[in-house]
Amino acid sequence: MKDDPKIITVKALSRSFGTLKAVDSISFDVKEGEIFGLLGPNGAGKTTTIKMLTTLLKPSSGTASVAGFDISKEQNSIRKSIGIVFQDPSLDEELTGRENLEFHAILYNIGKEERAKRIGEVLKLIELEDKADILVKNYSGGMKRRLEIGRGLIHEPKVLFLDEPTLGLDAQTRRHIWDYIRKLNELKNVTVILTTHYIEEADYLAGRVAFIDHGRIVALGTPIALKNKMGGDVVSVRTINSADALEMYLKALKWVKATARHDEYLDLTVEEGEKKIPDIVKLAEKHKIAVESISLHKPSLEDVFIHYTGKGIREEAAEGWKGRMRAVHMRR
Ligand SMILES: Nc1ncnc2c1ncn2[C@@H]1O[C@H](COP(=O)(O)OP(=O)(O)O)[C@@H](O)[C@H]1O
Ligand SMILES: [Mg+2]
């Protein structure tokens, strides 16, 4: 997709609230037809970015164009070219699913016949045909989200913005939503820009992902390229109050490519991690550092995030990743 035209161009875009730089000079492009992910923890500036790109919020400085239009000068043209699904639900609960779609189509001046046709298509795409005439208040969380995504597609936008599309949904429903997002991207050829703080979501969906932290983009690339850049396995060592000391000793070794601290863990990037574990244990013993556990895993996007920011993306992620590791517990 190297030569695909750019549908979004962002240059040094910033937004402050008082003294807080919520978005701090970010620049990136989105190519036509791609799914682009903005991944970052709560408060990173994701929603503020989306609000600027969808013309709901004025930038403090910088420029951006969406579907060929300038966000500061051509708001109306942009609004016609995009669909938005926000973090907070905005459906009318007292209407049916079909009525919600109908209402949106009328807002966009879509004529009666065309309306019926598109609503039928969208209901099919989001697999809500048989639930279309039930009041939304009786929908499950996943059905509501599907309907919102469907609604965002009714006026056939070129770009669909999804702000935390699976926030608060259970794991299984989340996976279904991912499949709908992929499907509509493929079938409708709509460019998708989504924000998330779920690492697996960005990993699964995004062709390219930008990591955002404190309003700045700290890394950008395809998930595979970002992981490969880590250049090795990650060995996580948990000590009792001695991570600083151990980091100092290990940093001095040639084969330790990088170190990172997160919570009480010391993460080391090394090649052939399984072969290095005995050496790490010996070194700790030599310096009388008690090692509580050592584990090894192949780099994940979480590791990439830790590498660039020195912290995990969220508490749950820190819990989750313990489960994914091939743990090698040490006897002490
Ligand atoms: N309207 C506002 N007024 C003041 N501060 C805001 C406003 N909107 C967002 N912020 C602050 O800007 C930062 C980025 O927020 P946001 O873009 O919502 O982050 P994210 O969507 O990544 O969680 C946060 O510190 C947030 O508290
Ligand atoms: Mg947000």
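In what order do the six strands of the open sheet run? Colour the strands and read across: β6-β7-β8-β3-β9-β10, with mixed pairing. Strands here are DSSP E runs of at least two residues and helices are H or I runs of at least four, numbered from the N terminus; two strands pair if DSSP finds at least two bridges between them.

Before going on: this is a predicted model, where local features need pLDDT of at least 70 and side-chain atom pairs count only at pLDDT 80 or more, while totals for chains, interfaces and linings use all residues. Residues are numbered from 1 along each chain as its sequence is written, and chains are lettered from A and ligands numbered from 1 in the order in which they are written.

Next, pick 82-85 and 216-221: these are β6 and β10, the edge strands, each with a single partner, so one side of each has no neighbour in the sheet. From one strand to the next, the twist averages 15 degrees (axes are lines fitted to C-alpha atoms, for helices over the stretch in contact; angles run from 0 to 180 degrees between N-to-C directions).

Now select 35-39 and 208-213, where four bridges join the parallel strands β3 and β9. L39 has F211 in β9 as its bridge partner.

Last stop, ligand 1: its surroundings include F17, N42, K46 and T47 (near means a C-beta atom, placed from the backbone, within 6 Å). α1 gives the largest share of this shell, three residues.
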